[in-house]
Amino acid sequence: MNQKLKVLVRVDLDCGEAQVAAQGHVTAQSIQALYVVMKRANHLREGLQLVVDVSHARVEPVALEQLRECSKTHHLPRSIDPQQSECNLRVLAPADGGMGAATGRFPVAVAA
């Protein structure tokens, strides 16, 4: 497994959804970069459903818990989004705790 974090953002404004798909290793440190991409995607349009797909990544338990907390509170961490904008977030976690399978629907842009 590659230690580098790779992120693909797929956007469907007609359906009101943006998917942020991460591959590689999501750690307590690298999740900060993922949050920045999530924040940008979340600000594309008000009310956007943001799907964070880490099903193809190796995710440290603390990082997965942080993502789930964001999903519960509907906010990104204050250090990333001081304005605390509403974030309608759904997390697709690895099925086996490390590597899962999910399919993408519509590639649009790549970010790092």
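Predicted model: local features only at pLDDT ≥ 70, side-chain atom pairs only at ≥ 80, totals over all residues.

Me: Which residues of helix 2 are buried?
Reply: In helix 2, the buried residues are Ala63, Leu64, Leu67 and Cys70, where buried means under 20% relative accessible area, exposed means over 50% and partly exposed lies in between, with a 1.4 Å probe and protein chains only. Helices (H or I, at least four residues) and strands (E, at least two) are DSSP runs, numbered from the N terminus.

Me: Why do they line one face of the helix?
Reply: Seen down the axis of helix 2, the buried residues fall within an arc of 115 degrees, so they line one face; the arc is that of the directions from the helix axis to the C-beta atoms. In general, an α-helix has 3.6 residues a turn, so residues three or four places apart point the same way.

Me: And what sits on the face turned away from the buried side?
Reply: That face of helix 2 carries Pro61 and Lys72, which are exposed.

Me: What covers the buried residues of helix 2?
Reply: The cover includes strand 2 (17-26), helix 1 (31-42), strand 3 (49-59) and strand 4 (88-92), counting a contact as heavy atoms within 4.5 Å.

Me: OK, zooming out, how many helices and strands are in the chain?
Reply: The chain has two helices and five strands, and from the N terminus on they run β-β-α-β-α-β-β. Of the 112 residues in the chain, 43% are buried.

Me: How do strand 2 and strand 3 run?
Reply: They run parallel and are joined by nine bridges, and one of the pairs is glutamine 19 with its bridge partner valine 51 in strand 3. Two strands pair if DSSP finds at least two bridges between them.

Me: What about strand 1 and strand 2, in which sense do they pair?
Reply: Those two pair in the antiparallel sense over seven bridges, with aspartate 12 standing opposite glutamate 17 in strand 2. Their hairpin has four residues between the strands, and glycine 16 there takes a positive phi near 70 degrees.

Me: Is strand 3 mostly covered or mostly open?
Reply: Strand 3 is mostly covered, since nine of its eleven residues are buried.

Me: Now the nonpolar core, which residues touch the most other members?
Reply: In the largest nonpolar core, which has 28 residues, these are Val20, Val26, Leu34, Met38, Leu50 and Val54. Such a core is a set of buried Ala, Val, Leu, Ile, Met, Phe, Trp, Tyr and Cys residues joined through side-chain atoms within 4.5 Å. Helix 1 gives the most to this core, with six residues.

Me: What does leucine 34 touch?
Reply: Leaving out residues up to four places away in sequence, leucine 34 touches Leu5, Val7, Val20, Ala22, Val52 and Val54.

Me: Last one: is lysine 39 buried or partly exposed?
Reply: Lysine 39, which is found in helix 1, counts as partly exposed because its relative accessibility is 27%. Not counting residues up to four places away in sequence, lysine 39 touches Leu76, Ile80, Asp81 and Pro82.

How values were computed:
Residues numbered from 1 in each chain as written. Heavy atoms only, no water.
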